[in-house]
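Visitor: I am new to this structure and would like to learn how to read it. Could you take me through it feature by feature?

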Amino acid sequence: MRLVPGKRVRPASVRPDTRSMRTFGVEEELLLVDATTGRPRPLAPEILERSAEHELRGFAMTSEVAQEMVEVVVEPCRTADELRRAVRAGRETADGLARELDGRALALATSPVPQRTHLSEGPRYAAVRERFRGMAQGTLECGLHVHVAIDDAEEGVA
């Protein structure tokens, strides 16, 4: 699965028939830092470019609002073991690509040191920049989002 940086796309494989078995997946934002100092570095454009040369199995990598982060998007899974393997593969791939640039990709909630970010390019991020102004450029929070397939809106509310 390949995603276009800055564009939220849900391929057909992400919309399975959920009636037979529930599926779930995660999106995880990883902080990109200097391998020596631990300070955040804007490595995302180079990492995403390099990831295009790899066959990514079970996950995709895409940009986030700050170039100091990448997002690993796991394809829908049916078992916890599938999910664990895909999350681990995404983390290892992102970290391996960051290491090629003397960096690291870390699963952290936020940067341990203050850092002014470099905002990613694209219409989606321009809207974020316009709406949130300086706040968008001064924060580096990373998250892990869990997605669970449901049959309909009523089930989701329940």
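Visitor: Let me start with a charged residue. Which side chain of opposite charge is nearest to Glu68, and how far away is it?

Guide: This is a predicted model, where local features need pLDDT of at least 70, side-chain atom pairs count only at pLDDT 80 or more, and totals for chains, interfaces and linings use all residues. Residues are numbered from 1 along each chain as its sequence is written, and side-chain values use heavy atoms, with hydrogens and water left out. For charge, Lys and Arg count as positive and Asp and Glu as negative, while His and the chain ends are not counted. A salt bridge is a side-chain nitrogen of Lys or Arg within 4 Å of a carboxyl oxygen of Asp or Glu. Buried means under 20% relative accessible area, exposed over 50%, and partly exposed in between (1.4 Å probe, protein chains only). Now the case itself: Glu68 is buried but has no salt bridge, and the nearest side chain of opposite charge is Arg41, 8.9 Å away.

Visitor: Where does Glu68 sit, and what is it in contact with?

Guide: Helices (H or I, at least four residues) and strands (E, at least two) are DSSP runs, numbered from the N terminus. Glu68 belongs to the loop between strand E2 (59-63) and strand E3 (69-74). Contact means heavy atoms within 4.5 Å. Leaving aside neighbours within four places in sequence, the contacts of Glu68 include Leu30, Leu31, Leu32, Pro40, Arg41 and His118.

Visitor: What about Gln67, buried or exposed?

Guide: Gln67 counts as buried because its relative accessibility is 17%. Gln67 is also found in the loop between E2 and E3. Not counting residues up to four places away in sequence, Gln67 touches Leu32, Arg41, Pro42 and Ser120, among others. Gln67 and Leu32 are 35 residues apart along the chain, and their C-alpha atoms are separated by 8.3 Å.

Visitor: How many salt bridges does the whole structure have?

Guide: Side chains of opposite charge can pair when their charged atoms come close. A search of the whole structure finds 8 salt bridges. In one of them, the side chains of Arg84 and Asp81 meet at 3.6 Å, N to O. Arg84 and Asp81 are separated by about one helical turn because they are 3 residues apart in helix H2 (residues 80-99). Arg84 is partly exposed, at a relative accessible area of 40%, and Asp81 is partly exposed at 44%.

Visitor: Which residues form the covered face of strand E4, and which the uncovered one?

Guide: In strand E4 (residues 103-106), the covered face has Gly103 and Ala105, and the uncovered face has Arg104 and Leu106. Two strands pair if DSSP finds at least two bridges between them. Strand E1 (residues 24-34) and E4 run antiparallel, joined by 4 bridges. Leu32 stands opposite Ala105 in E4.

Visitor: What is the phi of Asp102?

Guide: Asp102 has a positive phi of about 60°, although it is not a glycine. Asp102 is found in the loop between H2 and E4. At 57% relative accessibility, Asp102 counts as exposed.
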